[in-house]
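The following exercises are to be worked with the sequence and the structure side by side. Each task is followed by a solution in steps.

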Amino acid sequence: MGGERILIVEDEKLLRWALRERLERDGYQVHEAATGGEGLKLVDDPGVDLVLLDHRLPDMTGLDVLRSMMTDHADVPVILVTAYSTLETAVEAIKLGAFDYVNKPFNQEELSVRIAKALESSRLQREVRSWRARQKERYGPSSILGTSEAVERACRMVEKIGRSSATTVLITGESGTGKDLVAKAIHYASHRAARPFMNITCTALPETLLESELMGHEMGSFTDARSAKQGLFELADGGTVFLDEIGDMGVALQSKLLRFLQEKTFRRVGGIRDIHVDVRVIAATNRDLDKAVAEGRFREDLYYRLKVIPVHLPPLRSRSEDIPILASHFIALFNREFKKRTRGLTDEAIRRLTQYPWPGNVRELRNVIERAMILENKELLSVEDLPSEILDAPKPGADGCPFHLPAGGYALESMEREMVRQALDQARGNQTRAARLLDISRDALRYKMKKFSFL
């Protein structure tokens with residue numbers, strides 16, 4: 001007992017006294033009301049944790065009081081107490097939101113057990129609501145850090161998708177750009193936020209096990225299937241399933257996923273019954289799915305079914321203005337984790353970070369800051385605290401060229417495709433402006449857009 005406050009709404013003075021005596025012995029704080037109107041006034045007092053409500057009151061019925069309480073105090077558990085029990089009254093009370101229903105005369109011990117159960121349930125509900133609120137704050141659109149146009153555009157897309165009824169989303173971008181973070185942001189910006197967010201990496205398991213993880217299996221469907229098991233689609237009903245690295249899913253499972261996306265039904269492995277669920281599927285990949293489709297490694301019909309709402313995350317090197325913000329965020333994060341007091345980076349360290357091309361994107365930046373924070377205990381992190389790959393990287397513009405060929409080489413066609421994509425991103429799809437950024441004609445740009453399937 002934690003000193004919770006219980007309100008007794010009962011017109012029989014002797015019964016109120018008996019209840020009060022017992023509840024105070026149990027460690028509760030007790031308040032009394034003799035009428036429904038008085039009870040409604042007292043329940044408005046912040047801090048009432050439970051209401052014991054008589055059904056027959058001088059001014060109104062307990063059901064009327066319950067109906068009014070549930071309008072503004074649905075989180076306060078109510079136990080209806082009556083000497084005039086009918087099945088209809090019990091059903092109506094539960095429908096209106098009563099936690100429990102007790103008949104007079106009642107056993108004090110039994111009532112104490114029911115009160116403790118109601119209060120424990122209420123505590124758990126509050127904890128779940130608090131956890132969900134923290135998750136929403138942690139993973140909402142505001143968790144996508146940066147001031148660049150690309151980040152602002154991504155935040156707007158997250159909010160729009162979250163509010164929409166879209167059930168399929170495709171997130172593309174290089175490894176480490178934060179596709180999982182955007183998937184969570186979409187989930188927690190939606191009406192599905194109170195339901196589960198389930199995620200799986202499609203390369204983490206062989207195809208047969210991946211199917212079982214997604215769709216579940218029946219007992220005996222394969223050697224180790226000793227019992228039936230629900231898959232992620234069932235467990236996430238009403239919520240979101242995030243399929244990372246969808247581009248690596250086997251073709252056989254792709255056909256089953258397509259059926260699920262079209263019909264919202266599936267069968268467990270070894271099952272004969274169709275199961276219907278309501279989930280939003282967010283898929284992500286760092287692969288070129290257009291190329292995978294052309295090569296027959298990815299189903300074209302699945303690609304276009306997933307691509308109803310596409311979200312592309314640009315690489316970190318194309319939004320270098322966000323690097324200081326992200327670095328500061330990671331320093332604050334690791335200050336809390338490692339119990340340090342690093343204030344930030346020197347100007348020279350920031351300059352070197354913004355010049356580095358970040359092949360590993362945001363994930364690589366996080367790892368660099370984490371490494372420096374583990375090894376150093378400084379007020380400001382300096383250039384000397386950065387790893388050799390950053391210190392040894394060629395400085396852009398040193399030879400008049402803003403680009404430098406990596407030691408392992410880079411496909412010229414891939415570079416050209418990326419430049420066209422970046423120009424279109426910066427120009428927000430305006431072809432004339434994009435052509436000007438690339439210093440080519442609009443017709444030449446359209447030719448390249450067709451070549452790289454941007455049209």
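**Exercise 1.** In the loop between which two helices is the place of Arg299? Determine also its exposure and its contacts.

*Solution.* This is a predicted model, in which local features need pLDDT of at least 70 and side-chain atom pairs count only at pLDDT 80 or more, while totals for chains, interfaces and linings use all residues. Residues are numbered from 1 along each chain as its sequence is written, and side-chain values use heavy atoms, with hydrogens and water left out.

Step 1: Arg299 sits in the loop between helix 11 (289-294) and helix 12 (300-306), where helices (H or I, at least four residues) and strands (E, at least two) are DSSP runs numbered from the N terminus.
Step 2: The relative accessible area of Arg299 is 28%, so this residue is partly exposed; buried means under 20% relative accessible area, exposed over 50%, and partly exposed in between (1.4 Å probe, protein chains only).
Step 3: Once neighbours within four places in sequence are left aside, Arg299 is in contact (heavy atoms within 4.5 Å) with Val251, Gln254, Ser255, Leu258 and Val293.
Step 4: Arg299 and Ala252, although 47 residues apart in sequence, are 9.7 Å apart in space, C-alpha to C-alpha.

**Exercise 2.** Is Met219 buried or exposed, and which residues does Met219 touch?

*Solution.* Step 1: Met219 is found in the loop between helix 8 (207-215) and helix 9 (232-235).
Step 1: Met219 counts as exposed because its relative accessibility is 60%.
Step 2: Not counting residues up to four places away in sequence, Met219 touches Ala225, Arg226, Ser227 and Ala228.
Step 3: From Met219 to Val269 the separation is 50 residues in sequence and 9.3 Å in space, C-alpha to C-alpha.

**Exercise 3.** How many disulfides does a search of the whole structure find?

*Solution.* Step 1: A disulfide is a covalent bond between the sulfur atoms of two cysteines; here the criterion is a pair of cysteine sulfur atoms within 2.5 Å.
Step 1: The search of the whole structure finds 0 disulfides.
Step 2: Cys155 is buried at a relative accessible area of 17%, and Cys202 is buried at 4%.

**Exercise 4.** Characterise the chain as a whole.

*Solution.* Step 1: The secondary structure of the protein chain comes to 19 helices and 14 strands.
Step 1: The radius of gyration is 30 Å, well over the 23 Å that the globule rule gives for 455 residues, so the protein chain is more spread out than a compact globule; this radius is taken over C-alpha atoms, and the rule is 2.2 Å times the number of residues to the power 0.38.
Step 2: Along the principal axes, the C-alpha atoms fill a box of roughly 95 × 60 × 50 Å.
Step 3: Buried residues make up 44% of the 455 residues.
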